[in-house]
Each structure stands twice: as C-alpha cells, then as structure tokens.
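Subject: Model for your files, with notes

Hello,

Here is the model we discussed, with the sequence alongside. My notes follow it.

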Amino acid sequence: MFVITGATGNVGRHLVAELLTRGHRVRAVTRDPAAARLPSEAEAVPFDALPLDGATALFVNPAAFWGGLGDLLERAVEERVRRVVLLSSSAALGGGGPGNPIGAHHLDLEERVAATGLEWTFVRPGAFAANTLGWAGQIRADGVVRGPYARAAIASIHERDIAAVAARALADDDLVGAKPVLTGPRALTHAEHARLIGEAIGRPVRYEEISPGAARAAMTAGRTPPAIADALLRMFAAQVDAPGETSPAVEQIAGRPARPFAAWAADHAGDFR
C-alpha cells in the first residue's frame, strides 16, 4: 500500500494514476475526498486522518502540509512504513546558506526524513512547467505576460515526469538513497515559454519584461514572502547569462525522454484560453 499526500496536486494526481496503472494499491490523501475526482480504485482518505496503517511507502509533498509536517514522520516510524519518498527541490543543491531559503527549507526536510532511519529517496525537480499557470490571467486578458528577465532560461519539467520518477522510487528498490535532479529536456527563456503557450492555444502570446523592482512588488502583493521573491529574482537574473542545466535523470529512470514544454503547453491549453 502506497500513501500519497497531496494526491490532487500537480504531481500527486498523476502519481496516483501511474501507480494504479502498475497495479499497486494506493491510499490518496486529500482535504476533500468527496470532491477529489480520483480514480475509484484509489482509497481516498481525508487529510485530517492521514492513516498510515498497512502502508509500505509514503510520498510526502511538503506543499500539502500548510503548518509543517507535524508528527508525520514519527508516525511513519511507529506504523513501520518502510520507505519515504520526499518531493524536494533542486534548490537544495545550492545548500542552505543566506540567499537560498528555498534550498534551506528542502534541505531541512531531507535531513528530517533521513534521521528517521527509514529508506528514502529525495526527488529534486527544478522549475515546474506548471509555474507558468500563474500567467493564465494575463494571457486570457490580452495575451501579454509581464514579468522580469525575459531571457532567463530554465529547463522546466512536466509534472507527469516527476510522477513517473516518484512512482519508481516508491515501488522499486534501485532508487533507495538517491537524490535525482529532474528537469525538462531543454532550457527555454521566459519569452520562449510564453510563445509556446501561444502556439498551444492558437493565438499569439508575448512576454513583456518589467523591472525586477516591479516584479518583486507584484510577487509580494500576491502573498509571496519577500525572502522567496528575492531568491527567485536572483535565480532568474543568474539564468540570463547561464541557462539552467538539464539532467538526464528522467530518461534514465523512467525509460523515456523527458517531455518538452510544448507538450506540457498542449496538455494545459484549456487553462490559458
């Protein structure tokens, strides 16, 4: 039995489907099982309960835990869960020093998981292609995305590819103790991401660069903590001259190439129309 937290999120929904396709039993944790629209084969349970009895492996999506993980890991030990697969971040590669609060947060989570003594895998994706869903309102309004650093380039990853790797990590033994860094197949600029969304929806979309200060104001007004906004802006600035690296891990683990951003945009075209 695999317990999946964040089961209706960008990664979790695909992970549930992937595991069911492989014939595994899945307990899908969600805040509202009645409205979750999960496959009937999955055992949908409320987040407040989060039962771990009978679980052999646990997928931890930190985004599902608004106030922190609480006693989840201690309970996993008590219930004799064998393995924890943590959705971490490639930001952890930069260490937890000043200026890298995202990396520090995920490194702390990784250390907590490792300290349990359970088997573990830390899945470290880079930027999610789904981050561009934050542009949807602007694209629907006038087809113009206003943001910083139009030439910042990163190999954003399709959530289906993260789910495919996580499924392997839960079900197979060869990724125990691994920290695979996951990216898409090619680094694209913000402007290229916008153009490809336009191609997917059948009308032009362009990226209009605004100043870092204006971008920071918009981000913090949208409830992004200032330290996170600053870290993201530093990352974008660095990626103008040094595009984000690509990783072969998706193909090595899933046995197929990582999906290009154009495929992600086609899958999500309805979100931008």
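Which residues in H1 meet which residues in H5? This is a predicted model, and in it His14, Leu15, Glu18 and Leu19 of H1 meet Glu159, Arg160, Ala163, Ala164, Ala166, Ala167 and Leu170 of H5. By class, the residues of this contact are seven nonpolar, one polar and three charged.

As for the geometry, H1 covers residues 12–21 and H5 covers residues 159–171; the two pack at an angle of about 50°, and their axes are 8 Å apart.

H1 and its surroundings

The buried residues in H1 include Gly12, His14, Leu15, Val16, Leu19 and Leu20. Some of that spacing is what one expects of a helix: with 3.6 residues a turn in an α-helix, residues three or four places apart point the same way. The buried residues of H1 pack against S1, S2, S4 and H5. Val16 is in contact with Ile4, Ala7, Val26, Ala28, Pro39 and Ala42, when neighbours within four places in sequence are left aside. Just after H1 comes Gly23, with a positive phi of about 85°.

The nonpolar cores

The largest nonpolar core has 32 residues, and those touching the most other members are Ile4, Leu15, Val16, Leu19, Phe59, Leu170 and Leu182. Two or more residues each come from strand S1 (2–4), H1, strand S2 (26–30), strand S4 (57–60), strand S5 (83–87), H5 and helix H9 (249–254). The element that gives the most is H5, with seven residues. There is also a second, separate core of 23 residues, and among its members are Leu52, Phe65, Leu73 and Ala76.

Not counting residues up to four places away in sequence, Arg27 touches Met1, Phe2, Val3, Ile4, Glu43, Val45, Pro51, Leu52 and Asp53.

Ser88 sits in the loop between S5 and helix H3 (101–114). Ser88 has a relative accessible area of 5% and is therefore buried. Apart from neighbours within four places in sequence, the contacts of Ser88 are His106, Glu110, Val123, Arg124 and Pro125.

Helices H7 and H8 pack at an angle of about 145°, with 9 Å between their axes, and their crossing is right-handed. On the H7 side the contact is made by Pro212, Ala215, Arg216, Met219 and Thr220, and on the H8 side by Pro226, Ala229, Asp230, Leu232 and Leu233. Seven of these residues are nonpolar, one is polar and two are charged.

Pro225 lies in the loop between H7 (212–221) and H8 (226–241). With a relative accessible area of 43%, between the 20% and 50% limits, Pro225 is therefore partly exposed. Pro225 and Val145 are 80 residues apart along the chain, and their C-alpha atoms are separated by 21 Å.

Two residues to look at here are Leu50 and Tyr149. Leu50 is not a glycine, yet its phi is positive, at about 45°. Leu50 is placed in the loop between strand S3 (43–46) and S4, and its relative accessibility is 4%, so it counts as buried. Tyr149, also a residue other than glycine, has a positive phi near 50°. Tyr149 lies in the loop between strand S7 (144–147) and strand S8 (153–154).

Regards

Conventions: Residues are numbered from 1 along each chain as its sequence is written. This is a predicted model: local features need pLDDT of at least 70, side-chain atom pairs count only at pLDDT 80 or more; totals for chains, interfaces and linings use all residues. Side-chain values use heavy atoms; hydrogens and water are left out. Axes are lines fitted to C-alpha atoms, for helices over the stretch in contact, and angles run from 0 to 180 degrees between N-to-C directions. Helices (H or I, at least four residues) and strands (E, at least two) are DSSP runs, numbered from the N terminus. Contact means heavy atoms within 4.5 Å. Ala, Val, Leu, Ile, Met, Phe, Trp, Tyr, Cys and Pro count as nonpolar, Asp, Glu, Lys and Arg as charged, and the others, Gly among them, as polar. A nonpolar core is a set of buried Ala, Val, Leu, Ile, Met, Phe, Trp, Tyr and Cys residues joined through side-chain atoms within 4.5 Å. Buried means under 20% relative accessible area, exposed over 50%, partly exposed in between (1.4 Å probe, protein chains only). A crossing is left-handed if the near helix is turned anticlockwise from the far one by less than a right angle, and right-handed if clockwise.
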